[in-house]
Amino acid sequence: MSLKEYARKRSFAQTPEPKPDQPEAAAPAGNFFCVQRHHATRLHYDFRLEIDGALVSWAVPKGPTLSPAEKRLAMHVDDHPLDYGNFEGNIPAGNYGAGSVMLWDRGTYELVGDLPAKTQLERGDLKFRLHGQKLKGEFAIVLMKNRGKGNEWLLLKKKDSFAVPH
C-alpha cells in the first residue's frame, strides 16, 4: 500500500495528523515500530513497522498479546508516514479515523531470517523480534490466504523468554 492512499483519505487542514513529507522510496530502511491505541468507530490498536520509508500498518482489534496461545486478527491498512509513529491526539469528527490516538508502545525491531522485510511481506509471512517498552521477543505476522478481502493477517507471539502463559 502507498502513502498516496493515506493522503487521499485525509484533509490536513482539518486533522492534526502528519502529512507524508517525502516519497516512500527516498527514505532509508529503518527498524522503528509502534503500537497506537486508536478509539475510532471501534477501539483497536494500530501495529506499525517501519519498512522501506513508511510505516506498514495493521489494525489489531484486540491488541497485541504476549501469549503464544492467542492469535490476533490484524487487518492490513494503508501505510502511514514515518512521522505518524510519534502522533498522539484527537482526529476531529467527520475526518477519516476520527477519534483519539494514544501511543501504547514503541521501540525497534529486527528481522528474523535472511530475507528482506518486503520479500517476507510478499510471501505473506513476516518474522521479527521486537524491542519495545511492552512488547518484546519474537513475533510473526502471517497472511490468511483465501480469506475475505485479502487484507486479513494474524499477529502471533512466538514461544520465547518474553512469552507469558495464556
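Predicted model: local features only at pLDDT ≥ 70, side-chain atom pairs only at ≥ 80, totals over all residues.

**Exercise 1.** Determine which side chains pair with Arg129 in salt bridges, and classify the exposure of the partners.

*Solution.* 
1. Arg129 and Glu110 form a salt bridge, with an N to O distance of 3.1 Å.
2. This pair connects distant parts of the chain, since Arg129 belongs to strand β7 and Glu110 to strand β6, 19 residues apart.
3. Arg129 also forms a salt bridge with Glu138, at 2.8 Å from N to O.
4. Buried requires under 20% relative accessible area and exposed requires over 50%. Arg129, at 25%, is therefore partly exposed; Glu110 is partly exposed at 33%, and Glu138 is partly exposed at 26%.
5. Through shared partners, Glu110, Arg129 and Glu138 belong to one network of salt bridges.

**Exercise 2.** Classify Arg72 as buried or exposed, and identify its salt-bridge partner.

*Solution.* 
1. Arg72 pairs with Glu70, the closest N and O atoms lying 2.3 Å apart.
2. The relative accessibility of Arg72 is 12%, so Arg72 counts as buried.
3. The count of salt bridges comes to six.

**Exercise 3.** Describe the largest nonpolar core and the surroundings of Leu126.

*Solution.* 
1. This core has 22 residues; Phe47, Leu49, Trp58, Leu126, Phe128 and Leu130 have the most contacts inside it.
2. Elements giving two or more residues include β1 (32-39), α2 (117-123) and β9 (152-157), while β2 supplies the largest share, four residues.
3. Beyond four places in sequence, Leu126 touches residues including Leu49, Trp58, Leu111, Gln120 and Ile141.
4. Another core, of eight residues, lies apart and has Phe32, Cys34, Phe87 and Leu103 among them.

Key. Residues numbered from 1 in each chain as written. Heavy atoms only, no water. Core = buried A, V, L, I, M, F, W, Y, C linked by side-chain atoms within 4.5 Å. Buried < 20%, exposed > 50% of the residue type's maximum accessible area, 1.4 Å probe, protein only. Contact = heavy atoms within 4.5 Å. Salt bridge = Lys/Arg side-chain N within 4 Å of Asp/Glu carboxyl O.
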